Amino acid sequence: GTGLGFGGFNTQQQPQQTTLGGLFSQPTQAPTQSNQLINTASALSAPTLLGDERDAILAKWNQLQAFWGTGKGYFNNNIPPVEFTQENPFCRFKAVGYSCMPNNKDEDGLVVLVFNKKETDIRSQQQQLVESLHKVLGGNQTLTVNVEGIKTLPDDQTEVVIYVVERSPNGTSRRVPATTLYAHFEQTNIKTQLQQLGVTLSMTRTELSPAQIKQLLQNPPAGVDPIIWEQAKVDNPDSEKLIPVPMVGFKELLRRLKVQDQMTKQHQTRLDIISEDISELQKNQTTTMAKIAQYKRKLMDLSHRTLQVLIKQE
């Protein structure tokens with residue numbers, strides 16, 4: 001079909017992963033990967049840096065660094081040391097959790113913007129934020145920025161879900177596809193403007209295709225043992241709605257813990273609101289029951305009076 005003008009941004013639609021945050025991105029197979037594995041094995045088992053019994057101690061130190069996922073493994077005077085990261089296969093601080101898969105279509109146009117601001121600040125300045133985002137989109141009068149939802153995140157950050165509606169000259173309108181809007185936001189100059197507004201991250205919120213899900217499940221993430229990955233797929237409590245995601249290192253574990261704690265607080269807040277509503281309804285019910293009893297007595301009294309009038313008339 002013909003575009004409605006959003007193509008003026010000169011962006012190319014690129015499908016993006018959404019809530020997975022790039023955790024599943026697979027590294028390209030560099031030509032030197034085999035050498036890297038050989039060097040890692042040498043650093044962990046048979047370093048030849050000193051040429052005496054101290055090399056055995058160095059090997060144990062390198063093993064400890066590899067288990068922690070940080071540091072440099074020296075093993076040969078003529079070869080640079082191995083950089084140990086948390087993605088290395090020997091790092092012990094890894095686990096697999098589960099994340100909900102989004103179920104929104106690309107045509108729903110939902111894009112997530114994470115702001116380095118508190119939720120109260122975002123809500124109090126929501127109109128100014130919408131106007132600023134409209135300016136980022138070029139101030140086109142055929143475009144309207146809408147806020148789908150606002151949610152608190154850990155570390156005084158806030159998630160804002162937006163979509164953009166584009167109106168055509170003939171009066172029809174449509175939502176700009178999420179991938180198109182995201183591609184526009186990812187342009188260097190636009191990204192700079194968003195950063196000035198406090199945006200630290202942007203991503204689409206679209207469902208994964210069956211082919212994407214299959215690819216993600218078939219390929220263990222970097223540094224995750226295939227056996228652990230296979231077991232995580234077996235242990236998935238709801239494979240229709242959840243997908244396994246790796247948790248590598250304390251930082252990622254802490255992030256998920258904060259998110260879970262934040263969600264628990266939000267659920268508790270919602271439960272408190274529901275509890276207050278129930279208490280209010282119970283009070284209203286008590287008041288209503290009292291009024292009903294009062295009206296019943298009044299009806300009975302009026303019935304007696306009516307009966308007395310009828311008796312006197314007879």
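Nine helices and nine strands make up the chain. The model is predicted. Of the chain's 314 residues, 31% count as buried.

**Whole chain**
- Take the contacts between residues at least 6 apart in sequence: 66% of them join residues at least 24 apart.

**Strand β6 and its partners**
- Strand β6 covers residues 157-167. Nine of its eleven residues are buried, so the strand is mostly covered, given that buried means under 20% relative accessible area.
- Strand β4 (residues 111-115) runs antiparallel to β6, and five bridges join the two. Within this pairing, Val111 has Ile162 of β6 as its bridge partner.
- Strand β5 (residues 143-153) also pairs with β6 in the antiparallel sense, over ten bridges. Here Leu143 is bridged to Glu166 of β6.
- Strand β7 (residues 173-175) is antiparallel to β6 and is joined to it by three bridges. Glu166 stands opposite Arg174 of β7.

**Two hairpins**
- β5 and β6 form a hairpin with three residues between the strands. Asp155 takes a positive phi near 60 degrees in this hairpin.
- β6 and β7 form a hairpin with five residues between the strands. Gly171 takes a positive phi near 100 degrees there.

**Aromatic pairs**
- The structure holds three aromatic pairs.
- In one of them, the ring centres of Trp68 and Phe250 are 6.4 Å apart. Their planes meet at 50 degrees, so this pair is tilted.
- Trp68 belongs to helix α2 (residues 54-68), while Phe250 belongs to helix α9 (residues 249-313). The pair therefore ties together parts that are 182 residues apart in sequence.
- Trp68 is partly exposed, at 46% relative accessibility. Phe250 is also partly exposed, with a relative accessible area of 47%.
- Phe93 lies in the loop between β2 (82-83) and β3 (94-100), and Phe250 in helix α9. The two residues are 157 residues apart, and their pair links distant parts of the chain.
- Phe93 has a relative accessible area of 29%, so it counts as partly exposed: the value falls between the 20% limit for buried and the 50% limit for exposed.
- Ring pairs link Trp68, Phe93 and Phe250 into a cluster.

**Charges over rings**
- Arg92 lies over the face of Phe67. The distance to the ring centre is 4.2 Å.
- Arg175 has its charged end over the ring of Tyr163. Here the distance to the ring centre is 3.6 Å.

**Cysteines**
- The whole structure has zero disulfides.
- Cys91 counts as buried, at 5% relative accessibility.
- Cys100, by contrast, is exposed, with a relative accessible area of 55%.

Methods. Residues numbered from 1 in each chain as written. Predicted model: local features only at pLDDT ≥ 70, side-chain atom pairs only at ≥ 80, totals over all residues. Heavy atoms only, no water. Phe/Tyr/Trp six-rings, centres within 6.5 Å; stacked < 30°, edge-to-face > 60°. Helix = DSSP H or I, 4+ residues; strand = E, 2+ residues; numbered from the N terminus. Buried < 20%, exposed > 50% of the residue type's maximum accessible area, 1.4 Å probe, protein only. Lys NZ or Arg CZ within 6 Å of the ring centre and 35° of its normal. Contact = heavy atoms within 4.5 Å. Disulfide = S-S within 2.5 Å. Pairing = 2+ DSSP bridges.
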